[in-house]
Amino acid sequence: SIAWRRDSDLADSVPPPDCMSSEGSNTPERMEDEMKIEMTPEQPAKPKPTMDTLGWGICIFGIFLFIAVGASCWLGPSVLFQYHPYGVLLGFWIFMPSAITSAKAVKKCRTTADRKAQIWNHLLLGFGCVVTVLIGYLAIYVNKNNSSKPHLTTWHGKIGFAAVLLAILQSLLGSILYWKLLTGKLMMQIRKVHKWVALGGIVVGYIVIVLGVESNFARGRWSDTTRRLIQTASCVLGAVVSWVFIK
């Protein structure tokens with residue numbers, strides 16, 4: 001009994017450890033975890049390849065093609081027809097990839113202000129695509145009228161006209177979405193239609209460019225090798241742009 005009393009007295013005299021304090025927050029397990037966190041250096045997040053990076057690469061490639069091909073369209077005397085390939089290439093090789101890139105970037109915005117700014121950029125780039133394509137179409141339309149030639153007699157002309165209509169429709173649907181001219185489920189349907197009309201415009205637009213390289217104007221400007229390179233570059237650019245759009 002004496003030994004028991006001494007042990008109990010000794011136990012009463014020893015102060016309670018921190019882990020037995022009333023706070024109950026500094027348990028041995030928690031203290032060990034905190035020490036590990038303090039000793040482990042923070043690892044910076046590794047950058048991951050984004051669709052934005054790929055999209056801007058596509059834009060740069062399109063600008064290069066436009067400078068290389070579009071500039072050669074202006075060699076020699078200036079005629080109205082030259083605005084036709086110049087406008088179409090500007091729309092489908094520069095403005096369209098840029099508009100798709102900005103649309104993809106909207107999903108990555110973290111603030112409302114950034115989202116609104118990116119949507120506005122997408123709207124302007126989409127309008128730029130429509131305006132330049134219309135300039136190209138009006139140039140060939142007026143040029144044929146001045147030459148008393150019939151319209152839409154080739155596959156290039158027919159599919160090109162479809163591409164112009166798709167570009168206009170896409171712009172109208174985008175305007176409805178931006179200014180919220182409609183409400184409810186109809187807006188959701190328009191958003192889906194806007195997306196698939198845009199994809200159709202991409203495919204048709206690049207087919208038009210490939211067919212246009214076989215025109216008499218292109219045959220008189222470029223050699224067979226150059227025309228095949230332009231067609232191959234257009235196919236590659238169109239395929240990558242379509243993949244980025246769907247992805």
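**Figure 1. Overall fold of the protein chain in the predicted model.** From the N terminus on, the elements of the protein chain run α-α-α-α-α-α-α-α-α. The secondary structure comes to nine helices and zero strands. Of the 247 residues in the protein chain, 32% are buried.

**Figure 2. Packing of helix α5 against helix α6.** Helix α5 covers residues 112-147 and helix α6 covers residues 155-179. The two helices pack at an angle of about 155°, and their axes are 10 Å apart. Because angles over 145 degrees count as roughly antiparallel, α5 and α6 are described as roughly antiparallel to each other. The crossing of α5 past α6 is left-handed.

**Figure 3. Residues in the contact between α5 and α6.** Helix α5 contributes I119, W120, L123, F127, V130, V133, L134 and Y137. Helix α6 contributes F161, V164, A167, I168, S171, G174, S175, Y178 and W179. By class, this contact of α5 with α6 holds 14 nonpolar, three polar and no charged residues.

**Figure 4. Helix α6 and its buried residues.** At 1.5 Å a residue, the 25 residues of α6 should span 36 Å, and this agrees with the 36 Å between its end C-alpha atoms. The buried residues of α6 are G157, G160, A163, V164, A167, S171, L173, G174, S175 and L177. These buried residues pack against α4 (83-106), α5 and α7 (185-212). Following α6 is K180, which has a positive phi near 50°.

How values were computed. Residues are numbered from 1 along each chain as its sequence is written. This is a predicted model: local features need pLDDT of at least 70, side-chain atom pairs count only at pLDDT 80 or more; totals for chains, interfaces and linings use all residues. Side-chain values use heavy atoms; hydrogens and water are left out. Axes are lines fitted to C-alpha atoms, for helices over the stretch in contact, and angles run from 0 to 180 degrees between N-to-C directions. Helices (H or I, at least four residues) and strands (E, at least two) are DSSP runs, numbered from the N terminus. Angles under 35 degrees count as roughly parallel, over 145 as roughly antiparallel, 65 to 115 as roughly perpendicular and the rest as oblique. A crossing is left-handed if the near helix is turned anticlockwise from the far one by less than a right angle, and right-handed if clockwise. Contact means heavy atoms within 4.5 Å. Ala, Val, Leu, Ile, Met, Phe, Trp, Tyr, Cys and Pro count as nonpolar, Asp, Glu, Lys and Arg as charged, and the others, Gly among them, as polar. The expected span of a helix is 1.5 Å times one less than its number of residues. Buried means under 20% relative accessible area, exposed over 50%, partly exposed in between (1.4 Å probe, protein chains only).
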